[in-house]
Amino acid sequence: MEIQVLEDPATPVAEMLVETAERGGQLVLTGGTTPKLAYEMASRAGGDWSRATVWFSDERCVPPTSGLSNFAMADGALLGRLDRSVRPEIVRMEGELGPDAGAAGYEAEVRARLGGDPRWDLVLLGLGADSHCASLFPGKPEVEERGRLVTGVELAGMEPQVPRISLTLPALNAARLVVFLVTGADKAKAMKRAFGDPVDPGSPAAHVRPRAGELLVLCDSAAAKELG
Ligand code: 6PG
């Protein structure tokens, strides 16, 4: 694991997204508010995304047009801003189907295209103040899932309180590279739980450790302040 404390962690994330897309990689985008800036930077950098495939770490069970949709955020900040001729293939989690059918559909897509050990080239994740990542919330049964790659989440542990669809730990840990982008003092405790020494086993993010890949944490000094 490598932790980099940077003034502007969104910039290297944007660069990594564009580089991976231009190589025709399999990218997993995340939701929440933090990555929006990196997505906007990546859209301005442009590049040819036409050989890439874009997946999602998690989704809220709302229509893709909803202001709560992670797809809508990524589409508005990045995917929909790319010139049509260079847009990637997008494999969206269908939140509108509900958590169980939506998760089953996504699991089938992942297995059909990438098999049971999906070696994503880049998985981008955020970190919640409660130390959740994707939609794996502390103390919830979905964190313990070891058989499936995608799970429905009936009860979210944080706002917005809508059911979710989420990649599971085995899916996240199959990645070649996982990058956490974390900013702000409200994430300092969660950072310590997930990446401190020792980690807190109750933190879902503390279990994101790629089996045969790398883990990179890009954060600002406010988020890093309790790491010691
Ligand atoms: C979601 C996310 C989630 C997010 C964290 C951090 O659907 O909410 O994918 O895992 O990354 O909640 O969110 P913020 O960046 O908004 O703090």
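Student: Which backbone nitrogen does a side-chain oxygen of S69 reach at the start of helix 3?

Tutor: Keep in mind that this is a predicted model. The side-chain oxygen of S69 comes to within 3.2 Å of the backbone nitrogen of F71.

Student: And how do I read the rest of that helix? Which residues of helix 3 are buried?

Tutor: Start with the general idea: an α-helix has 3.6 residues a turn, so residues three or four places apart point the same way. Here, helix 3 covers residues 70–77, and its buried residues are N70, F71, M73, A74 and A77. Looking down the axis of helix 3, you find them within an arc of 165°, so they line one face of the helix.

Student: Now the ligand. Which side chain has a polar atom 2.8 Å from an oxygen atom of the ligand?

Tutor: N70 does, and N70 is also on that buried list for helix 3. An N or O atom in the side chain of R60 likewise sits 2.8 Å from a ligand oxygen, while for T30 a polar side-chain atom is 3.3 Å from one. The protein covers 88% of the 410 Å² of accessible area that the ligand has on its own.

Key. Residues numbered from 1 in each chain as written. Predicted model: local features only at pLDDT ≥ 70, side-chain atom pairs only at ≥ 80, totals over all residues. Heavy atoms only, no water. Buried < 20%, exposed > 50% of the residue type's maximum accessible area, 1.4 Å probe, protein only. Helix = DSSP H or I, 4+ residues; strand = E, 2+ residues; numbered from the N terminus. Arc of directions from axis to C-beta. Polar contact = N/O pair within 3.5 Å; in protein donor to acceptor, adjacent residues only side chain to side chain. Areas by Shrake-Rupley, 256 points an atom, 1.4 Å probe, with all protein chains shown as cover.
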